[in-house]
Amino acid sequence: MAFFGAVYFLMPLLMFALWKAMGKPFAVTGKKLFWFVFATCFLFYSGTLFCYFITLPYGVEFLLSFQSENMKAVISIGRFINFVTIFILAFGIIFELPVFMVFSAQVGVFSRRIFEKNRRFAVLGIAILAALLTPTPDVVNMALMGGPLYLLYEAGILVIRFLQLDEKRAALKLEKKNRRWT
């Protein structure tokens, strides 16, 4: 519980250190660094709150639905807290998808076209990830994780398009090529 609390409340500091270390080799400094830290923290907290208020109640309700008159659910506090904290942290981490998509486009690892072209593989990967990370085998909980994750995937593509990262990368390449020939 203390570890979860520390990670949760120190997230801005942890993300600043992470992005400062990751961004330095790729010239992500100044304003860009601020926006990466801000977006990462915002999405992390949004994911944890989404999990806590929307997904977690359905998951716990589903798990408790297996009890009957003859069989009562016995929930230990330690296991329940462990389950809840891991589930909430997992949601916080997977909500980071658009930030890492933008970062990978910023540094030239993947382009927007690659993300757009491979949507079907992304849907498959999201479905598998949602099936693995949700605590229950029902479709509702899987959809409560997979649906927002797919929307975040699309949001990442839109942000890359809005920031024109592919065009800027192509212009930079062309400029370097022209500079080499002159």
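The expected span of a helix is 1.5 Å times one less than its number of residues. In this predicted model, helix H7 covers residues 119-133, and its 15 residues reach 21 Å from the first C-alpha to the last, close to the 21 Å expected at 1.5 Å a residue.

**Helix H7**

Which residues of H7 are buried? They are Ala122, Ile126 and Ala130. Viewed down the axis of H7, the buried residues fall within an arc of 70°, so they line one face of the helix. An α-helix has 3.6 residues a turn, so residues three or four places apart point the same way. The buried residues of H7 pack against helix H8, which comprises residues 139-163. On the other side of H7, Arg120 and Leu132 are exposed.

**Helix H2**

Helix H2 runs through residues 11-23. At 1.5 Å a residue, the 13 residues of H2 should span 18 Å, and the 17 Å between its end C-alpha atoms agrees with this. Met11, Met15, Trp19 and Gly23 are the buried residues in H2. Seen along the axis of H2, these buried residues lie within an arc of 75°, so one face of the helix is lined by them. Against which helices do the buried residues of H2 pack? Their partners are helix H1 (2-9), H3 and H5. The face of H2 turned away from its buried side carries Leu13 and Ala21, both exposed.

**The pairing of H3 and H5**

Two packed helices are described by the angle between their axes and the distance between the axes. For helix H3 (residues 31-64) and helix H5 (residues 97-107), the angle is about 155° and the axes are 9 Å apart. Angles over 145 degrees count as roughly antiparallel, and H3 is therefore roughly antiparallel to H5. From H3, the residues in contact are Lys32, Phe36, Ala39, Thr40 and Leu43, which meet Pro98, Val99, Val102, Phe103 and Gln106 in H5. Sorted by class, the contact of H3 with H5 has seven nonpolar, two polar and one charged residues.

**Individual residues**

Several single residues may be considered in turn. Asn141 is found in helix H8. Is Asn141 buried or exposed? With a relative accessible area of 0%, Asn141 is buried, because buried means under 20% relative accessible area. Val139 also lies in helix H8, but Val139 is exposed, with a relative accessible area of 65%. Glu61 belongs to helix H3 and is exposed as well, its relative accessible area being 56%.

| Residue pair | Separation in sequence | C-alpha to C-alpha distance |
|---|---|---|
| Asn141 and Tyr52 | 89 residues | 13 Å |
| Glu61 and Leu158 | 97 residues | 35 Å |
| Val139 and Ser76 | 63 residues | 26 Å |

**Summary**

H3 and H5 themselves pack at an angle of about 155°.

Methods
Residues numbered from 1 in each chain as written. Predicted model: local features only at pLDDT ≥ 70, side-chain atom pairs only at ≥ 80, totals over all residues. Heavy atoms only, no water. Axes fitted to C-alpha atoms, helices over the stretch in contact; angles between N-to-C directions. Helix = DSSP H or I, 4+ residues; strand = E, 2+ residues; numbered from the N terminus. Parallel < 35°, antiparallel > 145°, perpendicular 65-115°, else oblique. Contact = heavy atoms within 4.5 Å. Nonpolar A, V, L, I, M, F, W, Y, C, P; charged D, E, K, R; others polar. Buried < 20%, exposed > 50% of the residue type's maximum accessible area, 1.4 Å probe, protein only. Arc of directions from axis to C-beta.
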